[in-house]
Amino acid sequence: MGTRDDLLDKAAPLAAVAADHAVETERRRALAPEVVEAAKASGLFRAGLPASLGGAEPTAAAVLRAAERVAEADASAGWCVSIAATSSLLGAYLPEKGGQEVFGDPASVAAGVWAPRGKATAVDGGVRVSGRWSFCSGVTHADWIFLGCVLDAKLVVAAIPTAELEIHDTWHTSGLRGTGSHDTSAADVFVPDHRLLSVVDGPSAGAGQLHRFPLFGFFAASISAAALGNARGALTELAELAGAKHPSGSRRSLAERTATQSGVAEAEASLRAAREFYYRAIEDAWDAAASSAAVSEDARLALRLACTHAVRVSADVARTMYDLGGGSAIYETSPLQRRFRDAHTATAHFQVNPATYELTGRLLLGLPTETAQL
């Protein structure tokens with residue numbers, strides 16, 4: 001079974017490549033080819049696969065720590081690792097034949113948008129799918145896309161080869177440009193029954209602990225891992241700048257200024273606290289998933305709350321580092337401005353946006369709340 005150290009060891013060389021190509025990745029609005037190859041070689045794109053498909057079934061925290069480490073080097077690369085790893089979890093949700101078709105090739109990478117933006121019509125042997133989906137992170141390097149559809153008033157997810165879809169060049173954004181999260185559309189694409197699954201009904205019988213872990217919670221946590229890594233990267237980059245920069249008219253370095261010292265210390269405390277809450281909630285949900293019983297609502301609530309909090313705090317940290325960088329941070333050559341933009345793009349994701357506070361707040365106040373996708 002993959003351990004925290006195993007996956008961090010695999011993340012380290014990928015992080016180095018991602019850092020070296022971060023500017024190119026942003027310019028391309030897709031991961032640089034060298035980053036894609038390094039990610040494939042690391043196995044992190046497929047870290048969520050069940051053992052039946054060759055997966056090591058590591059702990060949820062191990063997968064997320066690895067993605068966080070990559071995001072520390074480049075947020076877009078860490079984000080794509082998170083999304084692909086989350087998508088690979090669906091190997092345990094597919095019928096056996098479908099799992100082999102999608103993930104049987106050891107080089108196969110999947111991405112996905114589970115929101116039911118498409119329509120599926122039942123036909124002999126499967127369904128025909130049409131629709132358009134936004135925010136398909138990683139679509140430019142994925143072989144398969146999991147797409148949410150409505151079939152007879154029910155949510156289903158269809159696994160479709162990327163080659164059978166149209167990718168629309170829509171990803172012109174302020175941040176996370178390298179994720180290549182373009183729109184994707186399907187026009188009456190046939191999908192056989194063995195490539196359909198339900199993210200609501202749960203994985204197949206006999207699923208291991210990784211796949212009993214709350215799926216939507218893992219999805220939210222994958223976004224937070226990228227945000228936390230980005231915030232840590234911003235702190236590191238500010239420290240490097242502060243040691244070398246002397247503000248105009250001052251003989252003291254930026255690091256020697258009391259405002260810098262206070263700002264960095266407060267940001268460090270906030271980030272450590274949010275990260276501790278995040279990984280504690282993950283560990284609690286992981287422990288609960290050891291049982292065949294469903295993970296409790298309280299554990300799922302804490303997980304989603306911790307994920308949203310981590311993303312919001314991470315954005316605050318990145319903003320503070322950007323502010324402390326002063327005039328140096330506004331140039332495109334400064335990584336701090338990219339950290340700032342990436343952080344505030346992550347906050348818009350529906351899994352961790354302020355609406356999550358409304359959902360968890362309703363539960364904390366004892367109000368009737370739909371929790372199927374908590």
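Reader: Is S198 buried or exposed?

Author: S198 is buried, with a relative accessible area of 15%. Buried means under 20% relative accessible area, exposed over 50%, and partly exposed in between (1.4 Å probe, protein chains only). Please note that this is a predicted model: local features need pLDDT of at least 70, side-chain atom pairs count only at pLDDT 80 or more, and totals for chains, interfaces and linings use all residues. Residues are numbered from 1 along each chain as its sequence is written, and side-chain values use heavy atoms, with hydrogens and water left out.

Reader: Where is S198 found?

Author: S198 is found in the loop between β7 (196–197) and α7 (209–212). Helices (H or I, at least four residues) and strands (E, at least two) are DSSP runs, numbered from the N terminus.

Reader: Which backbone nitrogen lies 3.0 Å from a polar atom of its side chain?

Author: That of D201. The backbone nitrogen of V200 lies 3.2 Å from a polar atom of the S198 side chain.

Reader: Leaving aside neighbours within four places in sequence, what is S198 in contact with?

Author: S198 is in contact with Y93 and L155, where contact means heavy atoms within 4.5 Å.

Reader: Turning to the sheet, what is the order of its strands?

Author: The open sheet of 7 strands has the order β5-β6-β2-β1-β3-β4-β7, with mixed pairing. Two strands pair if DSSP finds at least two bridges between them. The edge strands are β5 (166–168) and β7, each pairing on one side only.

Reader: How many residues of β3 are buried?

Author: In strand β3 (residues 144–151), 7 of the 8 residues are buried.

Reader: Which way do β3 and β4 run, parallel or antiparallel?

Author: They run antiparallel, with 8 bridges joining β3 to β4 (residues 154–161); the bridge partner of I145 in β4 is I160. The two strands form a hairpin with 2 residues between them, and D152 in the turn has a positive phi of about 50°. By contrast, β1 (residues 110–123) and β3 run parallel and are joined by 7 bridges, with V113 opposite L147.

Reader: Now a helix: which residues of α3 are buried?

Author: In α3 (residues 33–42), V35, V36, A38, A39 and S42 are buried.

Reader: Why are they on the same side of α3?

Author: They cover an arc of only 165° around the axis, which puts them on the same side of α3; the arc is that of the directions from the helix axis to the C-beta atoms.

Notes
Polar contact = N/O pair within 3.5 Å; in protein donor to acceptor, adjacent residues only side chain to side chain.
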